[in-house]
Amino acid sequence: YEVRYNGAICDIRAQEEEVEEVLRLSLADIKKKVQDQPGDWMPDGLHALKLYLQYRHDKRVGRRLLHGYSSGNLEAYGLR
């Protein structure tokens with residue numbers, strides 16, 4: 001999912017025992033941090049980010065999901 005939040009970071013409420021830090025980062029900032037510090041990221045989070053970026057690109061260029069193929073089902077959407 002994608003969320004845009006335009007409020008103040010100080011207004012975000014998170015479970016303290018689960019969230020150590022809240023950062024406001026652009027996708028460009030995230031890509032740079034992943035490239036510079038890959039060990040700071042969980043493998044499943046990196047995979048999810050790659051899927052998200054691929055999906056955004058596909059949507060931007062008008063690539064359609066084909067029905068009857070695994071790529072036609074967002075539940076089965078995979079990296080190419």
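Helices (H or I, at least four residues) and strands (E, at least two) are taken here as DSSP runs and numbered from the N terminus. On that basis the chain holds two helices and zero strands. The structure is a predicted model, in which local features need pLDDT of at least 70 and side-chain atom pairs count only at pLDDT 80 or more, while totals for chains, interfaces and linings use all residues. Residues are numbered from 1 along each chain as its sequence is written, and side-chain values use heavy atoms, with hydrogens and water left out.

**Chain totals**

Of the 80 residues of the chain, 11% count as buried, where buried means under 20% relative accessible area, exposed means over 50%, and partly exposed lies in between (1.4 Å probe, protein chains only). Contact is taken as heavy atoms within 4.5 Å. Among the contacts in the chain with a separation of 6 or more, 28% are accounted for by residues 24 or more positions apart.

**The helix pair**

Helix α1 covers residues 27–36 and helix α2 covers residues 43–61, and their axes come within 12 Å and cross at roughly 140 degrees. That makes α1 oblique to α2, since angles under 35 degrees count as roughly parallel, over 145 as roughly antiparallel, 65 to 115 as roughly perpendicular and the rest as oblique. The axes are lines fitted to C-alpha atoms, for helices over the stretch in contact, and the angles run from 0 to 180 degrees between N-to-C directions. The crossing of α1 past α2 is left-handed, a term used if the near helix is turned anticlockwise from the far one by less than a right angle, with clockwise giving right-handed.

On the α1 side Leu27, Ile30, Lys31 and Val34 take part, and they meet Leu46, Leu49, Tyr52, Leu53 and Arg56 of α2. By class, this contact of α1 with α2 has seven nonpolar, no polar and two charged residues; Ala, Val, Leu, Ile, Met, Phe, Trp, Tyr, Cys and Pro count as nonpolar, Asp, Glu, Lys and Arg as charged, and the others, Gly among them, as polar.

Leucine 27, in helix α1, is partly exposed at 26% relative accessibility. Setting aside residues up to four places away in sequence, leucine 27 touches Leu49, Tyr52, Leu53 and Arg56. Leucine 46, in helix α2, is buried with a relative accessible area of 19%, and beyond its neighbours within four places in sequence it is in contact with Val34, Pro38 and Trp41. Glutamine 54 also belongs to helix α2 and counts as buried at 12% relative accessibility.

The table lists C-alpha to C-alpha distances for these residues.

| Pair | Separation in sequence | C-alpha distance |
|---|---|---|
| Leucine 27 and leucine 53 | 26 residues | 9.0 Å |
| Leucine 46 and lysine 31 | 15 residues | 9.8 Å |
| Glutamine 54 and glycine 78 | 24 residues | 9.2 Å |

**Salt bridges**

Side chains of opposite charge can pair when their charged atoms come close. With a salt bridge defined as a side-chain nitrogen of Lys or Arg within 4 Å of a carboxyl oxygen of Asp or Glu, the count comes to two salt bridges. One joins the side chains of aspartate 36 and lysine 32, at 2.7 Å from N to O; both residues lie in helix α1, four residues apart, about one turn of the helix. Aspartate 36 is partly exposed at 47% relative accessibility, and lysine 32 is partly exposed at 47%.

Aspartate 58 forms a salt bridge with arginine 63, with the closest N and O atoms 2.5 Å apart. Here aspartate 58 is buried, with a relative accessible area of 4%, whereas arginine 63 counts as partly exposed at 42% relative accessibility.
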